[in-house]
Structures are given as C-alpha cells and as structure tokens.
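I opened the file to take notes on a few sites and packing contacts. My entries are below.

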Amino acid sequence: MDTHLLQATHFAAIKHAGQRRKDPQQTPYINHPIAVAHVLWKEAGVQDVPTLQAALLHDTVEDTDTSFEEIGSEFGPLVRQIVFECTDDKSLPKEERKRLQIVNAPHKSNQAKLVKMADKIHNLRDLQKTPPEGWTLPRVQTYFAWARQVTDGCRGVNPQLEAILEGIYAGEFEYE
Ligand code: NDP
Ligand code: ZN
C-alpha cells in the first residue's frame, strides 16, 4: 500500500474511533471512508493518490474534531482542498446544507466530484440493503432523489461511477 494511503487510513481510523454507522448492525464508521476509497480504486480505476486520501478523510472534518488546518499540515494543500470541497458547513441548517450540495456539485473540482460520487454510491448501497432503524421507505426514497440531484451535478469525470449510479437508481430495494 502506498504509504500516503496508509497514513490517511490511520489518521481517519483514529479520528472516527468509537463512531458507528446508522445501519442496524452499527458497523464501525471507518468502514465507510475505506469503502469509498475502495470504490474509487477498484470499481472506477482511480489511481490519483490525493483523491484516494481525500476519500479516506472526507468525513473527518464534518463528523469529528478534525480541522482543515490539521488536514493541511498532515497531508498538504491539495488533499485539504478536496476534503474542504466535500465538507458541509455545519453552521447551516440541514435542509440548506442539502440544497447547497445540489447547487455546488457542478462547480467542484474533478477530484472532489469523484469523492462525492463514491460517497453517495456507498451510502445508497447501504440504504438499498437495509435502512437505518426508524427510516421509512419514503424517507429512503427522498434520500435517493436528493442524492441523484447531487450526483447528476458530478457527471463528466468518470464513466464507471456514472454507470454504477445509473444501476443503483434503476434498482429495487431488497426489503421492498
Ligand atoms: P441524514 O443526513 O440524517 O443521514 C444520512 C447520512 O447519514 C448519509 O448521507 C451518510 O452520511 C450517513 N450514514 C450513516 N450511516 C448510514 C447508512 N447505513 N446508510 C446511509 N447513510 C448513512 O438523513 P437525511 O438525508 O434523511 O437527512 C435528514 C433530513 O431528513 C432532515 O432534513 C429531516 O428534515 C428529514 N427527516 C425526514 C424524516 C422522514 O421520515 N421523512 C424523519 C426525520 C428527518 P456520511 O457519508 O456523511 O456518513
Ligand atoms: Zn461519507
């Protein structure tokens, strides 16, 4: 493994320690950023190391005590920039954050678009398998419709990811 990738994996694992995903099995949170990087590398042929590092780190600022300064000093300005582009402004209300993801997606860098698409792919696959406790089917469907608007704005940088997303949006829910 590239040592830069190992460094980012290690950093994210420490930062997300103790956090769990929302699935009924309460999967350790770190499985998600690792899966996002894995989708990029294995399914989309992405070999750009800063993109893969940013995938591993994409939720650290949003969901842990990590600062952008810390990402910059550990991983450099490019990785910091990609992570920044993939981080919601948590001072805004949730609905506004979701609206901005749609509006801003087409203006992001190609590297951030790759991470955003892989992030949504992993979340949508999770939701397709089993919804989090308390999520009704309409809530899951609303999430899919929103994610589709975000990923539509990320088109044009990776045909493999677009094909995966098309398959997901055309698919059924296993628990229907
Ligand atoms: P959340 O934003 O609360 O949860 C989705 C996010 O959780 C994902 O984007 C992902 O983010 C993370 N996540 C963690 N575990 C999983 C998993 N197993 N599968 C998928 N994602 C996971 O949900 P919503 O997008 O629905 O946003 C909340 C909105 O829903 C609010 O605006 C609220 O008004 C509304 N709401 C609707 C209800 C309804 O029944 N319709 C009920 C309550 C609220 P990451 O990649 O960052 O980890
Ligand atoms: Zn994520």
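**Entry: the model.** I am working with a predicted model. I keep that in mind for every entry.

**Entry: zinc site.** I asked which residues hold the zinc ion (ligand 2). I found H32 and H58, each through NE2, and D59 and D119, each through OD. I then wrote out the spacing of the donors along the sequence, and it reads H-x25-H-D-x59-D. H58 sits in the loop between α3 (49-57) and α4 (60-63), and D119 sits in helix α8 (residues 110-129), so this pair ties together parts 61 residues apart in sequence. Buried or exposed, I asked of H58 and D119? Both are buried.

**Entry: H122.** I stayed on helix α8, where H122 is found. Its relative accessible area is 15%, and I count a residue as buried under 20%, so H122 is buried. I listed its contacts, leaving out neighbours within four places in sequence: R21, N31, H32, A35 and V36.

**Entry: T51.** I moved to helix α3 and picked T51. Its relative accessible area is 0%, so T51 is buried. Beyond four places in sequence, T51 is in contact with L40, V46, I82, Q111, L114 and V115.

**Entry: α5 against α6.** I looked up how helix α5 (residues 68-75) meets helix α6 (residues 77-85). The axes come within 7 Å and cross at roughly 145°. The crossing is right-handed. From α5, I noted F68, E69, I71, G72 and F75 in the contact. From α6, I noted P77, V79, R80, V83 and F84. Sorted by class, the contact has seven nonpolar, one polar and two charged residues.

**Entry: nonpolar core.** Which residues of the largest nonpolar core touch the most other members? Of its 47 residues, they are L40, L57, I71, V83, L124, F144 and L161. I then checked the helices that each supply at least two residues, and listed α1 (3-15), α2 (31-43), α3, α5, α6, α8, α9 (137-152) and α10 (159-170). Helix α8 gives the most, with eight residues.

**Entry: F144.** I followed up on F144 from that core list. Not counting residues up to four places away in sequence, F144 touches L124, L127, Q128, I168, Y169 and F173. L124 is on the core list as well.

How values were computed:
Residues numbered from 1 in each chain as written. Chains lettered and ligands numbered in written order. Predicted model: local features only at pLDDT ≥ 70, side-chain atom pairs only at ≥ 80, totals over all residues. Heavy atoms only, no water. Donors = N, O, S within 2.8 Å, 3.2 Å for Na, K, Ca; no water. Helix = DSSP H or I, 4+ residues; strand = E, 2+ residues; numbered from the N terminus. Buried < 20%, exposed > 50% of the residue type's maximum accessible area, 1.4 Å probe, protein only. Axes fitted to C-alpha atoms, helices over the stretch in contact; angles between N-to-C directions. Left-handed = near helix turned anticlockwise from the far one by under 90°. Contact = heavy atoms within 4.5 Å. Nonpolar A, V, L, I, M, F, W, Y, C, P; charged D, E, K, R; others polar. Core = buried A, V, L, I, M, F, W, Y, C linked by side-chain atoms within 4.5 Å.
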